Amino acid sequence: MSDPVTPKKGWRPTRRQFLVGLGVGGVGSVGALALGLPAIRLSVARAVDDGLMPSGKSLDPTVWFELFPDDRVRLHLPKAEMGQGVHTALAQIAAEELEVPWARLEVVHANTAHGPVDPRGTSGSTTVSGLYQPLREAAANLREMLRAEAARQLGVPAESLVASGGTLSVRGQPERTLRYGEVVARHTGAWEVPEQPPTLKQAKDFQFIGQSMPRVDSEAKLTGQGVYGYDQRLPGMLYGATARPPRLGSTLRAAREGRARQQPGVVEVVIGEGFASVAAESREQAHAALAHLELEWSEGEALQQADIDALTTVKDGEGVLVQDEGDVPEQLGRGKSLSAEYRTPLAAHAHLEPQAALVEVKPERVRVWMSTQMPLNVRKQVAHALEREEESVEVTPTYLGGGFGRRLDAHAAIEAARLSRATGRPVHVGWTRAEEFRQGFFRPPTHHVLRASLEESGRVLAFEHHQASGDVLFSLLPEAASAVLGADFGAWRGASIRYAMAHRRVRAQRVKLPVPTATWRGLGLLANTFALESFMDELAHAAGEDPLAFRLKHLGEDELGRRMRRTLEAAAKQAGWGTAAPEGRARGLACSVDARTVVAQVAEVSVEEDRLRVHRVTCAVDCGLVINPDGAIAQVEGGITMALGSTLSEQIALKDGQVEAENFHQYPLLTMRNAPDIDTLLVGDGDKPMGLGEPPMGPVAAAVANALFALTGKRLRSLPLKL
C-alpha cells in the first residue's frame with residue numbers, strides 16, 4: 001500500500017463567498033442596492049482597496065497531501081511557481097502544522113484532476129495570504145488524523161501522543177514511537193477527517209514560518225531538471241505553428257493549403273474558422289511551412305501611436321466614481337489650486353519564456369501541459385475548442401518562465417489541441433519571441449488628470465484624481481459584468497487617495513482600445529502611483545515643505561495611517577533622508593498601498609551624459625507576517641527591478657497597425673549593469689501575511705521622478721522618463 005492518503009477533490013468557493021469577497025454580496029450589498037448602481041460601485045471599490053478576496057473553508061487534507069510508507073510527504077499546490085518562491089512559502093506553512101522534517105517534503109503543481117483547484121489561479125498577490133489559513137488547517141487536520149490512527153495502533157489515548165519531526169511518540173515514553181510512514185503503512189480502510197477544526201500552533205512555537213528556508217525548486221532548476229512549458233516533451237510528438245495576422249485588427253477571411261503540406265516535415269495542415277495551422281516534425285519546419293499557405297486577411301487597423309494616445313485621454317464628466325468623500329467640486333475652488341497631467345504607455349510582459357503548451361488528444365481524455373497561471377481557464381477553453389466535456393480535459397501546470405498576468409491566456413493550448421486532434425499525436429506549440437511581442441496583449445496606456453487645492457497652512461483641502469485607461473480585467477470578464485461595475489477595478493488599482501483628506505475623489509474612465517490589453521504585474525498600480533505620488537511631491541513643493549514631512553502631515557491616526565507612517569519613516573531613515581546626498585545625486589520619495597501591503601521607497605539618482613541613472617533604491621515594506629524573509633526580499637528586489645525597467649526604457653509603440661518591437665533589441669530591459677543597489681527593510685508585524693508579489697512595483701516610478709526633480713528641477717510626467 002504505497003499511498004493510501006491521496007488527493008481526491010477540488011476546492012471551489014461558493015458564489016456567495018466570491019461575491020462577499022468582492023464586497024458585493026451579503027448584508028452590505030442590500031444597502032447598496034437600495035442606493036443604486038453608484039453606491040454598489042463604491043462598495044466594490046472599498047472592498048477591492050481593502051484587499052478583500054474570496055476565501056475557502058477548512059479543507060480535506062487528502063486533497064493536498066500524499067503520504068508514503070518511506071516517510072515522504074508530497075504536497076500538491078494549486079498555485080503556479082513562476083519564480084516568485086511561493087511553493088517554498090506554502091511548503092513552510094504546511095510543514096509547520098504537519099510537523100514534518102523539511103527534507104521529507106516534496107512539492108508539486110496540482111493538476112485539474114489530482115489535488116486542490118483554485119478558481120482564482122495565481123494572481124493578485126493573494127497566493128500566500130489567501131492560502132495561509134486553509135493550508136494550515138488542512139495540514140493540522142492531517143496531523144490529527146495521523147495522531148488518531150497512531151493512538152489506535154499503539155493502544156493509547158490520542159492526547160498522550162506528541163507529534164514532532166514526522167513521528168508520533170507517547171509522552172514520557174520515547175521508546176513508543178511511530179513514524180508517519182509506519183502509521184500510513186499499517187492503516188487499513190478509509191481515513192476520517194476530523195469534524196472540528198484542530199487547534200493551530202501559536203506563533204511562539206513556529207519552527208518554519210518566519211525562517212529563510214531554502215527554496216524547494218532550486219535544485220531542479222539549477223540542474224536543469226525543472227520542466228517548463230517550452231521544455232515539455234512526449235514520445236512521437238509534433239510541433240505546431242499558426243498563421244498570425246499581419247496587423248492589429250486583421251482577421252482571416254479565407255485560407256487554402258497552397259503548398260504547405262508538401263513542405264519538408266509537414267504532417268498536417270488544419271484550417272478552420274479564423275485560423276490556419278501546421279503540424280510538423282520540428283518547430284522550424286512548422287513555422288517555415290506557414291509561408292506556403294494561401295491566406296487572405298482583412299485590412300485591419302492602420303493605427304499609429306498618436307491614435308492610441310488620443311483615445312486614452314481623460315474626458316470631463318466621463319467615468320465612474322470609485323472614491324468620493326466630502327465636497328471636492330466646492331473645495332477645489334478655494335485656496336491655492338494646482339493641476340497636472342501624467343501618462344504611461346503600452347508595455348509588454350517581456351517574460352523569459354514565451355507561451356507554450358503540449359496537448360495530447362485521445363478519445364477518452366485530453367491531457368494538457370502548459371505554463372499557466374490559471375489551469376481551470378485553460379481546461380475550459382480547450383474543452384470548448386474541442387467540443388468536449390470539461391471533465392475530460394486534464395491540465396497540468398509546469399514551471400513558468402515568468403508570468404506577470406500574461407499566463408492567463410490559453411491560446412497556445414487551444415492551437416496545440418486542434419492540431420493534436422487532427423493528427424492523433426501529441427503536439428507542442430511554443431510561440432516565438434516575435435509572436436510574443438506582436439500577438440500577445442499589453443499593459444494598457446493611461447492618462448491622469450490631478451487637481452488639488454492647498455490651504456495657507458500647507459494642508460491639502462481637496463484632492464481629485466481622474467484617470468483613463470484601457471481594459472485590464474474587463475478584457476477577461478463578460479460585458480454584463482463590465483456594465484455593472486462601470487470601471488475596471490484592475491485599471492484603477494492603486495488609484496485611490498490614501499492620505500487623510502476631508503475632500504477626495506477618484507474617477508476611473510474606461511477606454512475601449514483597438515489594441516488588446518489586459519493584466520500586467522500590479523495591474524494599474526504602477527501607473528496610478530506614478531501619477532498620485534508625483535503629484536503629492538508637486539503639492540509638497542508648492543507648499544514649501546519637505547516631501548516626507550508633507551506626507552506624514554497628511555496621514556490619519558487609524559491603523560493604515562500608522563502603518564504608512566512607520567513604513568515611510570523607516571525607508572527615509574535607512575536612505576539618509578534629510579542628509580546631503582552624494583555629490584551629483586538627489587533623492588526622491590514615494591509610497592503606496594496595495595493588497596493590504598504598505599510600501600515606501602527612496603530612490604537616489606544622478607544624470608550621467610544626459611541619461612538618468614538610479615544608484616540606489618531603499619524600500620521599506622509592511623506586509624504583515626513574513627513567511628520566508630529571504631523570499632520576501634527577493635520578491636521586493638524583483639518587483640523594483642521590473643518597475644525600474646518600465647520607468648526608464650520600456651514602451652510598446654505602434655506604427656502602421658503593427659507593434660514596432662519584435663525582440664529585446666527593440667524593447668530594452670533594465671540590464672544588470674544599470675541595476676541599482678536595493679536595500680530592503682521588512683517592517684511589518686501581525687499574525688497574517690499580506691500580498692507581496694506586486695506591491696513593490698507601486699512607488700518606483702514616482703520615487704525616481706521625484707528624485708530627478710530634486711536634482712534638476714525638471715518635472716517629467718510621462719513614462720518612460722526621458723530627459
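Setting aside residues up to four places away in sequence, Ile652 touches Gln305, Leu346, Ala347, Ala348, Phe437, Phe442, Val659, Ala661 and Tyr667, where contact means heavy atoms within 4.5 Å. The model is predicted, so local features need pLDDT of at least 70 and side-chain atom pairs count only at pLDDT 80 or more, while totals for chains, interfaces and linings use all residues. Residues are numbered from 1 along each chain as its sequence is written, and side-chain values use heavy atoms, with hydrogens and water left out.

Ile652 is also among the residues with the most contacts inside the largest nonpolar core, which has 101 residues; Phe463, Leu539 and Leu644 are the others named. A nonpolar core is a set of buried Ala, Val, Leu, Ile, Met, Phe, Trp, Tyr and Cys residues joined through side-chain atoms within 4.5 Å. Buried means under 20% relative accessible area (1.4 Å probe, protein chains only). Another core lies apart from the largest one and has 47 residues, including Val100, Leu131, Val183 and Phe206.

## The four-stranded sheet

Strands (E, at least two residues) and helices (H or I, at least four) are DSSP runs numbered from the N terminus, and two strands pair if DSSP finds at least two bridges between them.

Strand E23 (residues 611–622) runs parallel to E26 and is joined to it by 6 bridges. Ala620 stands opposite Leu681 in E26.

Key. Buried means under 20% relative accessible area, exposed over 50%, partly exposed in between (1.4 Å probe, protein chains only).
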